[in-house]
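Student: I'd like a close look at the charged side-chain pairs here, please, and then a walk through the surroundings. Take your time and join the pieces up as you go.

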Amino acid sequence: MAQYSRISGSVGLITLKNPPVNALSAAVRQGIVDTVEKALCDPQVKSVVICGQDGVFCGGADVKEFEKSMSGPPLIPMIHSIECATKPMVAAIEGSALGGGLELALGCHYRIAHSKARLGLPEVTLGLLPAAGGSQRLPRLIGVPAALDLITTGRHVTAAEALQLGIVDQVTDHKTVDAAVKFALSVAGKPLDARRISTYPCPVVTDLDALFEDVMQKVRQSARGAIAPIACVQAVRAAATLPYTRGMEREKELMATLFTSGQARALQYNFFAQRAVGKWRMPSGARWDTSTPRPVHKVAVIGLGTMGRGIAVALAQAGLPVVTVEAQEKQLMEAKRVMSDMLKRGAKRRGVAPPLDKISYSSNIQDLADVDLVIEAVFEDMDLKKKVFLQLSAVCKPGTLLCTNTSGLDVDQLASQTRNPELVVGMHFFAPAHVMKLLEVVYGPRSSPQAVATAMQLGKKMGKISVAVGNCRGFVGNRMLKLYTEQASFLLEEGATPDLVDRAIEEFGFPMGVFRMSDLSGLDIGWRVRKEMKLAVPGQSARIREGRRYSPLGDLLCEQGRFGQKTGRGWYRYNKPGDRVAHSDPWLHHFLEEYRAQHGLVARRIDQQEILERCLYPMINEGFRILQDGIAAGPEDIDVIYVFGYGWPRHCGGPMFYASMVGLEKVLERLEHYYQAHPDVPYLQPCSLLRRLVAIGSPPVQKWREVIKNLHSQL
Ligand SMILES: CC(C)(COP(=O)(O)OP(=O)(O)OC[C@H]1O[C@@H](n2cnc3c(N)ncnc32)[C@H](O)[C@@H]1OP(=O)(O)O)[C@@H](O)C(=O)NCCC(=O)NCCSC(=O)/C=C/CCCCCCCCCCCCC(=O)O
């Protein structure tokens, strides 16, 4: 709703009220229409201020309403009537003015923003475009190049940048509404013709065609199959080339296509999924809102390899004092140099001073006596990690939370080395840890809710999207990934090439195919794990191990020293070790032919559809098993992990949402087909949760939690 009052004698004040972000629900839109009319009819009122309650102007259209049939007054005529008003309308922007919120402000004649406010048109991130006139007004106000940047990326700008771009007229450090009211008093009675953005001609751009061609090419490249960024470019082009009313028609036309698209549904699902994962719950019933985190004032990172360095930098950037410990003096010195550079580069990008003094460096574990939380990031070796946990338990003060950055080892085994196993959790960061948004917080059977709450809160402070998951080999992300990479190797055995598989995966929308990714992260990492598990045995090329199909291809490459980018050879060839550009490698193709001949395998033609089904559906099946096992609380957790940790294209929602879009019945049918064809791959057998969901009519992903709950209560 919206509340109306009159202040300072002649200013009508309209306050949007719809906590927490004053989204433009049907009730709010109706409230605006009614209060604007009231203000315009009140002869005492000479100008009007529109603001939002509780320090937030407006978070945009109410995204929840997009699923239902729209009711209430539509946004476009509402904003149009504000622009046409004969009394000055002033937007007082605090907190956020995003999407429809900024479009509302652009309909006003003036905009006053608080210095801490953030503005933007992030519709593209929801699979839409700013279709309440934003795509037509913004280019008229700030010019085509700047509008293209904001609308195609959806990035939020600070009040200072908004002022510089000309989006707002004034920025204040004081009370925004007071400043806006003062401003409204000063402009009362002034002519408004020059303040109606829709009447502005779009600033002229020299060589418009070249500009749009260039932008379109860049957008197509970065969109990885997403359609909204392209529609955004088309809408801005309409602003640059057509009169306002025809531009609005084009905006509407483009929006109609996007609004009902699967991509918009996927992106909007993902928006809410990101928020849902913060509301974690453990199988014990412990939850985010009933568990209090411990205070964390000082943290430590032990082990300064690539992961440890990234984690320490991310902690320092979040403003926390960090003690880093690395036993090897040479490694410590090198880490100090590299981390200082990382901090300086990060600070330069953000325009702040580098927080160099936040990190102290030591080779002595005794220096961790007074920290509140330790993140262990030593080499991925269970015996070594056990030793470290034993030492940490002896050295750290009582109550210190001990976290491991293992990417898949048993957190409970580490907890069992300590005096307080309830204070042990996994904090699984993704490389590079100071860049990647995802954090898996892993609770073992003995981890306390307080420990989980503390790790989740720390993740939030570090700007991560944290997902709480249960303890199993590989947790959620790597447990699913294993099947994806294994299937990719099987496809090579059957006749595919790394290039063919990667192309299919990249066309689906992943930033990097499975083999390119494996070359980047290093083939030796998985090899070492497989050797530890006695799965990989040098010199052996058997294709059935432990009673199931096994592909030794990766092991055979490692035996030849082909570890990927770092050695200049892997699934691809690189011009030199460390080079990033992958070239198709005739040696590898020949190697695959010899391998197939040696094992009596006949290469067959494998199409893109099969590559996608073979690589993605087993992962999805494993996702269902993870839900069934209670390792993830809901499909949103898995989807957020895959989008933010593994490059799953956001416009496909995540693996579980994607399964629901493809149709669970189809996924089930294909898995049954592949299991029949490959009975030596047990994980291809469809899991019972998937069968159950299909049996009850494939409910939408939002309803799966109920089904899982019922399933668990029957066990
Ligand atoms: C920065 C934020 C605003 C705040 O961040 P923060 O403080 O961290 O809080 P959050 O945790 O993010 O959010 C708190 C809760 O609020 C919920 N929320 C947030 N924003 C919205 C929203 N816009 N709608 C609904 N709910 C929202 C959030 O889920 C949290 O809920 P909970 O506590 O977890 O339950 C940050 O929240 C943020 O960034 N928000 C999103 C901003 C955004 O993206 N805005 C753009 C929205 S889209 C829009 O505005 C579109 C405008 C144009 C519409 C034009 C309509 C025309 C329709 C025409 C259709 C034609 C089709 C015809 C087809 C046919 O023919 O049928």
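Tutor: Let's begin with the term itself: a salt bridge is a side-chain nitrogen of Lys or Arg within 4 Å of a carboxyl oxygen of Asp or Glu. By this rule there are 39 salt bridges. Please keep in mind that this is a predicted model, in which local features need pLDDT of at least 70 and side-chain atom pairs count only at pLDDT 80 or more, while totals for chains, interfaces and linings use all residues. Numbering runs from 1 along each chain as its sequence is written, and side-chain values use heavy atoms, with hydrogens and water left out.

One network of salt bridges links Glu-493, Glu-494, Arg-543, Arg-549, Arg-604, Glu-610 and Arg-614. To place it, here are the domains, whose bounds come from an automatic or database domain assignment: domain 1 (2–259), domain 2 (299–474), domain 3 (496–598) and domain 4 (608–714). Between the C-alpha centres of domain 1 and domain 4 there are 40 Å.

Now for some individual pairs. Asp-372 bridges to Lys-397, with 2.8 Å between the closest N and O atoms. Asp-372 sits in the loop between β12 (359–362) and β13 (373–376), and Lys-397 in the loop between α14 (382–395) and β14 (401–404), so their bridge ties together parts 25 residues apart in sequence. Helices (H or I, at least four residues) and strands (E, at least two) are DSSP runs, numbered from the N terminus. Asp-372 is buried at a relative accessible area of 14%, whereas Lys-397, at 33%, is partly exposed. Here buried means under 20% relative accessible area, exposed over 50%, and partly exposed in between, using a 1.4 Å probe and protein chains only.

Glu-376 and Lys-385 make another salt bridge, their closest N and O atoms 2.6 Å apart, and both of these residues are buried. In helix α8 (residues 208–223), Asp-214 and Lys-218 are four residues apart, which means about one helical turn separates them. They form a salt bridge too, at 3.1 Å between the closest N and O atoms, and Asp-214 is partly exposed with 34% relative accessible area.

Most residues other than glycine have a negative phi, and most peptide bonds are trans. Asp-207 has a positive phi of about 50° although it is not a glycine, and it is exposed at 52%. Ser-8, in the loop between β1 (2–7) and β2, also takes a positive phi of about 50° without being a glycine. As for cis peptide bonds, one joins Pro-19 and Pro-20, with omega about 5°; Pro-20 lies in the loop between β2 (11–16) and α1 (26–41). Another joins Ala-431 and Pro-432, with omega about -10°, and Pro-432 belongs to the loop between β15 (424–429) and β16 (438–443).

With a relative accessibility of 17%, His-114 is buried.

Finally, look at helix α12 (residues 306–317). Ten of its twelve residues are buried, so α12 is largely enclosed by the rest of the structure; among them are Met-307, Arg-309, Ile-311 and Leu-315. Just after α12, Gly-319 has a positive phi of about 90°. The UniProt record, in an unreviewed entry, places "domain: 3-hydroxyacyl-CoA dehydrogenase NAD binding" at residues 298–471; such positions are given in the numbering used here, feature names are shortened, and annotations may be inferred rather than shown by experiment. Over residues 298–471, the chain is 38% helix and 22% strand, with 26 Å between the end C-alpha atoms.
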